[in-house]
Amino acid sequence: MAGIGVNLNRIYGKRTLTTNLLGFGYSAVVTVAPMFLIIGTIFLMSGALGFSKIGYAARELFACTVLYIFIFSLLTAAPFNAVLSRYMSDVIYEERYEDILPCFYLGLCMNILLSCLLGIPFCIREYLVGHVGIFYVFAGFCGYIALVLVFYSMLYLSICKDYKKISFFFLIGMVVSFLLAFVLVKGLRWEVTEGMLFALVVGFFVIACLETAMVKRYFKKNSQRYKPVLGYFQKYWMLVVTNFLYILGLYIHNFVFWTTDLKMTVKNTFICAPQYDLATCLAMFTNISATIIFISRIEMHFHEKYKAYSEAVIGGRGADIRSAKNRMFHQLAAEIMNLVRIQFIISVIVFLLCIVILPQFGFSGLVMRIYPSLAAAYFILFVMYSAIIFLYYFNDMFGAMVTAACFAAGALAGSIVSSRFSEIWYGIGLAFGAFIGWLIAYKRLRWVEKNMDVHVFCQGSILKRGKGEFVSSKVYDAYQKGDGAETKQ
């Protein structure tokens with residue numbers, strides 16, 4: 001998210017309550033606004049179109065369809081985002097802008113291919129086994145592919161630091177969705193769920209088209225160099241594994257509880273656990289401000305120290321390098337502690353508000369018994385993710401991969417165990433996985449700090465590496481003259 005620091009420093013620099021609120025709002029716009037726009041649009045559609053008055057089966061089918069669209073579009077995009085982001089950053093640094101479009105097209109084809117390999121068999125089962133209407137199935141598949149395109153194109157605009165336009169495109173798409181749903185249901189008398197789903201699909205495609213058009217507006221030349229992009233997947237395969245395992249860990253605890261007594265099967269196809277999934281959503285929103293706080297503080301404070309250290313490495317004295325390194329790691333520790341302190345206060349306040357207010361809106365019973373442990377788990381999870389970001393800063397891909405693997409494995413094992421406990425302990429499995437991941441990331445950051453000089457100065461090689469036959473170790477042939485003849489030794 002490098003690039004928003006300048007604006008944040010300008011906003012926060014006035015040091016008033018109003019500017020602090022403006023800075024927090026700006027951070028929210030460039031981080032979580034798209035998600036809130038989609039959720040808000042769905043709620044507005046539900047209220048305006050009488051969603052609560054239709055049959056229970058139809059409501060659950062729509063809810064499961066939207067849930068699956070979001071989860072699996074994120075999972076299929078995960079293996080590509082980190083590597084392509086790294087490739088784009090390197091290309092932009094080297095000012096080879098003509099290589100952006102080959103990366104965009106090749107990554108898009110790979111992402112769509114993987115998404116179709118997973119989505120088409122599921123849709124066939126939904127139609128043949130679940131007996132869901134062909135139009136509804138096709139609309140769901142189109143929504144899934146459209147959201148894949150949206151998440152994929154967001155990556156390129158994020159690299160270009162065009163965060164406000166991303167949020168603006170989401171606003172346009174969701175306005176189109178709401179108006180279209182209203183016309184379809186109220187004007188053309190479509191069924192409520194079909195109208196809402198089709199309208200969302202159109203909105204997602206509008207967002208994807210706007211994002212793609214902006215990418216092509218920024219990068220007009222195409223070098224046709226596709227092979228280097230594939231080379232990055234081989235070179236940085238750890239990034240593929242790390243990002244996929246982290247996203248998988250976010251949902252693997254849900255998958256575990258989809259197999260318990262809480263599960264509900266819709267149309268013999270969709271499986272979910274409504275109470276646990278809703279508690280998960282509430283817990284995530286309780287701690288979502290951690291993302292905003294972390295982005296704001298890392299842009300305003302840590303990035304400056306990291307830049308100073310990088311400049312010292314390029315042309316500074318040994319004493320300057322050591323001093324800059326110490327300041328950088330002191331700032332890193334301070335940012336993590338500040339994130340924990342600030343987010344803890346916010347999470348406690350939001351938690352208490354949810355406990356008091358949500359039961360008045362029908363959120364009670366099992367959902368509210370599961371919610372507290374999940375809220376604690378997501379608090380640890382977002383702190384762990386901040387440590388992974390710092391590992392990315394130091395190019396410690398192995399440490400990030402081990403952290404993500406331990407997080408996913410711990411969340412899986414912990415959720416299997418916690419599913420056998422009472423409801424108030426269901427979220428402990430995710431908390432266990434996040435805590436294990438945090439410990440690994442913290443230990444790895446300490447290791448990086450102790451071995452920073454080796455990590456920075458001893459990673460290169462004098463000779464250029466290449467592939468071919470091994471060079472012979474023989475340096476020369478020795479000959480000895482004797483009796484009028486030469487003998488080879």
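Y371 is buried, at a relative accessible area of 0%; buried means under 20% relative accessible area, exposed over 50%, and partly exposed in between (1.4 Å probe, protein chains only). This is a predicted model in which local features need pLDDT of at least 70 and side-chain atom pairs count only at pLDDT 80 or more, while totals for chains, interfaces and linings use all residues. Residues are numbered from 1 along each chain as its sequence is written, and side-chain values use heavy atoms, with hydrogens and water left out.

Rings of Phe, Tyr and Trp (its six-membered ring) pair if their centres lie within 6.5 Å; planes under 30 degrees apart count as stacked, over 60 as edge-to-face and the rest as tilted. The centres of F351 and Y371 are 5.4 Å apart and their planes lie at 20°, so the pair is stacked. F351 belongs to helix α13 (residues 318–357) and Y371 to helix α14 (residues 366–393), so the pair ties together parts 20 residues apart in sequence. Helices (H or I, at least four residues) are DSSP runs, numbered from the N terminus.

The count of aromatic pairs comes to 31. One of them is the tilted pair of Y68 and F72, with 5.4 Å centre to centre and 55° between the planes. Both residues lie in helix α4 (residues 56–93), four residues apart, about one turn of the helix. Y68 is buried at 11% relative accessibility, whereas F72 is partly exposed at 28%. Ring pairs link Y68 and F72 with F122, F255, W258 and F270 into a cluster.

Notes
Helix = DSSP H or I, 4+ residues; strand = E, 2+ residues; numbered from the N terminus.
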